[in-house]
Amino acid sequence: MRKIVAGLILGALLITFVAMILPLEFGSPRMSDMDDYFIRYGQEQTGNNNECTAIVFDYRGFDTIGESTVLFTAVIGVGIMFRRFFGGEEVEDE
Amino acid sequence: MLWNLPYLAVVIITVIGLAAILLKKNLIKMMLGINILQSSANLFLISLGYREGGIAPIYTLAPSTHMVLPTPQALCLTSIVIGLATSALMLSFAVIIHKKYGTVDLDQIRRLQG
Amino acid sequence: MSKLVRFAADILYPVVLIFGLYIVAHGHITPGGGFQGGAVIATGVALVIVAYGYREVTQWIGKGGLMAREVVGLLGFIGTALVAFIFGMPFFYNYLAGQGGLFGVPVTYGPNPGELNTGGTVPLMNFAVGIEVWGGLALVILYLLSGLVPHDDHEKEGS
C-alpha cells in the first residue's frame, strides 16, 4: 500500500517535471546579461583568466565565506560526535 | 524533444533520488538518494548555463571568446562542497546509529526503540 | 597492506601532494582552485591511510595539526578579505589586482598565454581555502576511520 502511494506520487512528480522542462531550450539561455558582463570585464577588473575563480572568490565572495563556514562547522560536528561516542580522549594529543 | 535531453536526464535523476529517499529503509541508501538529488540539481544548473558551441570560461590560450555562462558553474562549485560537508555529517550519524542500535534499518531501529 | 602497496604509496604521496599544490597555485589561470586542489591533497592522505593503516598514520598526521590547518585556512581567507578595509575599500574588494606589485600584473581583455603573477587577492584566497579543505577533508576521513577501528587493542586493522 505504502509503495503504491509512493509510486503514484513519484509518477505525478515525473509528469509535472517533464511538463516544466518542456518550454526550456537547451543551448540558449534566456537571460545572460550578468554573465556577459563578467565575461567581458572580469579580466580587467580582477586580473583572472579563469572567470569561474573570479566569480567564486571575488564577485561572489560572500557565498564562499558561507561555504567555508559550512565546511568548518561540519568538520567540527563530525569531530564532536566521534569524540563523544567513541571514547576518544586519547586522540586529542597532537 | 531531443534537444532537451539534459533536462530529461535531470528529471530522471531527480525521480530516482526521490524514489530512493521515499522507498528505501536503509539509512545509507537514503543518504545515497540525497546525494543523487544533489547531483541532479548540479546538472540542472550546469545545463541551464550552457550556450551553443561555447567553451569553458577560461581565457588562457582560449580559441575564441564565445563562452558558456560562468555563474552557474561557480554556484555548482559551492553546492558540491556543501554537499560533501552534509554527506560527511550524515555518514557520521549513520555510523553512530549503527554503534548504538547495531543496525541501520529504520524499521528495526523503530522496533528496538519502542 | 603489503610491502608493494606501501612502496607505491611512498612514491605517490609526494607526487599527489605536488599535483594538488600545482592545482591550488594555478587556480586563477587554469581550471582548478582551492577546493579542487585541497580535495586532491586529501586524497593523498587517504592513500597513505589505505597503505599504512589507521594506527600508524595517526602517529605522523595528528588531528590537532589538521584542525590547526583548517582554522588557519578559514581565518586567512576572512583576513585577506578584511584587509580591504585598511585601504578604505569595501569588503572583498580586490585591492591587489592591477597595482603592479604582488599578483598585480594587469591583464587586458582577450585570450592570452597566462601569467602566474596576476589575479590580485584571488591566489591568496586560493591558498587559504586549499589549506582549509586539506585539513577539513583529511580530518573527516580520519574521524570516520576512527569509528571503524576497534578500540580494545587488536592490531588487525590496516596491516
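A crossing of two helices is called left-handed if the near helix is turned anticlockwise from the far one by less than a right angle, and right-handed if clockwise. The structure is a predicted model, in which local features need pLDDT of at least 70 and side-chain atom pairs count only at pLDDT 80 or more, while totals for chains, interfaces and linings use all residues. Residues are numbered from 1 along each chain as its sequence is written, chains are lettered from A in the order in which they are written, and side-chain values use heavy atoms, with hydrogens and water left out.

**View 1. Helices H1 and H2 of chain B.** Helix H1 (residues 5–23) and helix H2 (residues 27–48) of chain B have axes that come within 8 Å and cross at roughly 160 degrees; helices here are DSSP runs of H or I with at least four residues, numbered from the N terminus, and axes are lines fitted to C-alpha atoms over the stretch in contact, with angles from 0 to 180 degrees between N-to-C directions. That makes H1(B) roughly antiparallel to H2(B), a word used for angles over 145 degrees, whereas those under 35 count as roughly parallel, 65 to 115 as roughly perpendicular and the rest as oblique. The crossing of H1(B) and H2(B) is left-handed. Residues in contact (heavy atoms within 4.5 Å) include Tyr7(B), Val10(B) and Ile13(B) from H1(B), and Ile34(B), Leu37(B) and Phe44(B) from H2(B). The residues of this contact of H1(B) with H2(B) divide into 15 nonpolar, five polar and one charged, where Ala, Val, Leu, Ile, Met, Phe, Trp, Tyr, Cys and Pro count as nonpolar, Asp, Glu, Lys and Arg as charged, and the others, Gly among them, as polar.

**View 2. Helices H2 and H3 of chain B.** The axes of H2(B) and H3(B) come within 10 Å and cross at roughly 180 degrees, and the two helices are therefore roughly antiparallel to each other. Among the residues that meet are Leu27(B), Met31(B) and Asn35(B) in H2(B), and Cys76(B), Ile80(B) and Met90(B) in H3(B). By class, the contact of H2(B) with H3(B) has 14 nonpolar, seven polar and no charged residues.

**View 3. Helix H2 of chain A against helix H3 of chain B.** The axes of H2(A) and H3(B) come within 8 Å and cross at roughly 90 degrees, which makes H2(A) roughly perpendicular to H3(B). Here Met34(A), Asp35(A), Phe38(A) and Ile39(A) in H2(A) meet Pro70(B), Thr71(B) and Pro72(B) in H3(B).

**View 4. The interface of chain A and chain B.** This contact takes 42 residues from chain A and 45 residues from chain B, and the two chains bury about 4,000 Å² between them, 77% of it on carbon and sulfur atoms; buried area is the accessible area (1.4 Å probe) that two parts lose on being put together, summed over both. One salt bridge is found across the interface of chain A and chain B, the term standing for a side-chain nitrogen of Lys or Arg within 4 Å of a carboxyl oxygen of Asp or Glu. The side chains of Arg51(B) and Asp36(A) meet in a salt bridge at 2.9 Å, N to O.
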